[in-house]
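Hi,

Here is the structure I said I would pass on. Have a look at it first, and then read on for what turned up.

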Amino acid sequence: MAAVKKVVIWYTSHAEVEIYGIDADATADDLRAFINNDPALRASVRQQRDDNLVEDSMVAEHIATV
């Protein structure tokens with residue numbers, strides 16, 4: 001019988017999205033907070049990500065055999 005394995009998978013991908021209303025010198029943390037604090041903006045960014053997604057790679061890590 002084959003073993004059951006627990007695996008964590010990371011997807012490394014990128015997508016270009018447009019965000020309006022934030023300072024030009026905003027840091028990555030500023031952008032993350034700006035997006036996460038506005039549900040409508042977060043939904044817009046997720047939709048743009050889905051529309052423009054380019055998958056670069058997938059990494060799987062075996063963490064346990066159960």
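This is a predicted model: local features need pLDDT of at least 70, side-chain atom pairs count only at pLDDT 80 or more; totals for chains, interfaces and linings use all residues.

The largest pocket is lined by Ala-15, Val-17, Ile-19, Ala-28, Leu-31, Arg-32, Ile-35, Asn-36, Arg-42, Val-45, Arg-46 and Arg-49. By class, that lining splits into 7 nonpolar, 1 polar and 4 charged residues. Its volume comes out at about 310 Å³. Helices α1 and α2 each put at least two residues into the lining, and α1 gives the most, with 5 residues.

Those two helices also touch each other. Helix α1 covers residues 28–36 and helix α2 covers residues 39–52. Their axes come within 6 Å and cross at roughly 110°, so α1 and α2 are roughly perpendicular to each other. On the α1 side, the contact uses Phe-34, Ile-35 and Asn-36, which meet Leu-41, Arg-42 and Val-45 of α2. Sorted by class, this contact has 4 nonpolar, 1 polar and 1 charged residues.

As for confidence, the mean pLDDT of the protein chain is 84, with 97% of its residues at 70 or more. Among the elements of the chain, α1 has the highest mean pLDDT, at 90, while strand β2 (residues 54–65) has the lowest, at 78.

Cheers

Methods
Residues are numbered from 1 along each chain as its sequence is written. Side-chain values use heavy atoms; hydrogens and water are left out. Axes are lines fitted to C-alpha atoms, for helices over the stretch in contact, and angles run from 0 to 180 degrees between N-to-C directions. Helices (H or I, at least four residues) and strands (E, at least two) are DSSP runs, numbered from the N terminus. Angles under 35 degrees count as roughly parallel, over 145 as roughly antiparallel, 65 to 115 as roughly perpendicular and the rest as oblique. Contact means heavy atoms within 4.5 Å. Ala, Val, Leu, Ile, Met, Phe, Trp, Tyr, Cys and Pro count as nonpolar, Asp, Glu, Lys and Arg as charged, and the others, Gly among them, as polar. pLDDT is the predictor's confidence in each residue, from 0 to 100. On a 1 Å grid over the protein atoms alone, a cavity is a set of points where a 1.4 Å probe fits but cannot get out, and a pocket is an open set with protein on both sides within 12 Å along at least five of seven lines; lining residues have an atom within 4 Å of a point. Grid points are joined across faces, edges and corners, and a volume is the space filled by probe spheres set on the points.
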